[in-house]
Amino acid sequence: MGRTLLVAVALVVPLVALVVEHVGNVRIAERHHSHHDTYVVSAEFTRSLVLAMSFMAALGLLVAWLCDQDVFLADEVMALAFFDAFLVTCFVMWSLICRYRVSTFSDSMAVTPPLGPKVWVRYDQIDRLEWSGLRVGRGFRNLVVWVGGRRAVTLLGIVDVEQIIMSIDRFDLLPRKN
């Protein structure tokens with residue numbers, strides 16, 4: 001029973017991700033609309049995660065079969081459990097990343113974070129902008145947006161932060177190098 005479940009996870013998880021990636025809504029940045037722009041994680045990045053899941057599933061099934069044939073001394077259930085743990089973790093990460101989006105309007109922005117409800121921020125209420133974390137994606141770090149003395153939202157560097165900053169048009173709030 002346990003081995004069957006692990007094989008099913010190795011087959012179903014990447015298959016679901018492949019189908020959703022193929023038939024799901026196209027996640028392209030919507031720019032230069034009359035009333036808003038939307039920024040999402042690039043399809044190339046999310047597709048590469050799905051391909052990595054597919055490769056690791058195939059590799060896991062191969063290694064488990066080789067363990068079952070006594071080519072390797074490891075237990076095939078343990079090998080499948082290891083690869084399934086990677087697959088489930090990667091699937092959760094992929095689904096959270098696909099949810100992330102930033103929509104900018106003339107006076108505000110709406111950020112749909114990987115977890116939690118959508119956050120609306122009016123540009124005129126922003127106290128400060130602060131860079132955080134390591135450079136990612138297009139070479140940008142995350143940008144923390146502060147409103148009312150509290151962290152309102154973090155713009156992840158995996159989207160086009162430069163264009164979002166241009167939409168906010170509050171360069172006076174960015175930290176200055178001394």
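Student: Which exposure class does Phe 91 have at 23% relative accessibility, buried, partly exposed or exposed?

Tutor: At that value of 23%, Phe 91 counts as partly exposed, where buried means under 20% relative accessible area, exposed means over 50% and partly exposed is in between, with a 1.4 Å probe and protein chains only. The model is predicted, and local features therefore need pLDDT of at least 70 and side-chain atom pairs pLDDT 80 or more, whereas totals for chains, interfaces and linings use all residues. Residues are numbered from 1 along each chain as its sequence is written, and side-chain values use heavy atoms, leaving out hydrogens and water.

Student: Where does Phe 91 lie relative to Trp 94?

Tutor: Both residues belong to helix α3, three residues apart, or about one turn of the helix; helices (H or I, at least four residues) and strands (E, at least two) are DSSP runs numbered from the N terminus. In general, an α-helix has 3.6 residues a turn, so residues three or four places apart point the same way. Trp 94, with 4% relative accessibility, counts as buried.

Student: How many aromatic pairs are there, and what arrangement do the rings of Phe 91 and Trp 94 have?

Tutor: A pair of aromatic rings is described by the distance of the centres and the angle of the planes. Rings of Phe, Tyr and Trp (its six-membered ring) pair if their centres lie within 6.5 Å, and planes under 30 degrees apart count as stacked, over 60 as edge-to-face and the rest as tilted. The count by this rule is three aromatic pairs. For Phe 91 and Trp 94 the ring centres are 5.4 Å apart and the planes stand at 45 degrees, so this pair is tilted.

Student: Which arrangement do Phe 105 and Trp 120 form?

Tutor: Phe 105 and Trp 120 form a stacked pair, 5.5 Å centre to centre with 25 degrees between the planes. This pair links distant parts of the chain, 15 residues apart, since Phe 105 is in the loop between β2 (101-104) and β3 (108-112) and Trp 120 is in strand β4 (residues 119-122). Phe 105 is partly exposed at 23%, whereas Trp 120, at 52%, counts as exposed.

Student: What describes the packing of helix α2 and helix α3?

Tutor: Two packed helices are described by the angle between their axes and the distance between the axes. Here the axes of α2 (residues 43-68) and α3 (residues 76-99) come within 8 Å and cross at roughly 170 degrees, which makes α2 roughly antiparallel to α3. By class, 23 nonpolar, two polar and two charged residues make up the contact of α2 with α3. The axes are lines fitted to C-alpha atoms over the stretch in contact, with angles from 0 to 180 degrees between N-to-C directions; under 35 degrees counts as roughly parallel, over 145 as roughly antiparallel, 65 to 115 as roughly perpendicular and the rest as oblique.

Student: Which residues of α1 are buried, and what do they pack against?

Tutor: In α1, Leu 6, Ala 10, Val 13, Pro 14, Ala 17 and Glu 21 are buried, and the buried residues of this helix pack against α2 and α3. Ala 57, in helix α2, is buried at 5% relative accessibility and touches Ala 10, Pro 14 and Leu 87, not counting residues up to four places away in sequence, where contact means heavy atoms within 4.5 Å.

Methods: Ala, Val, Leu, Ile, Met, Phe, Trp, Tyr, Cys and Pro count as nonpolar, Asp, Glu, Lys and Arg as charged, and the others, Gly among them, as polar.
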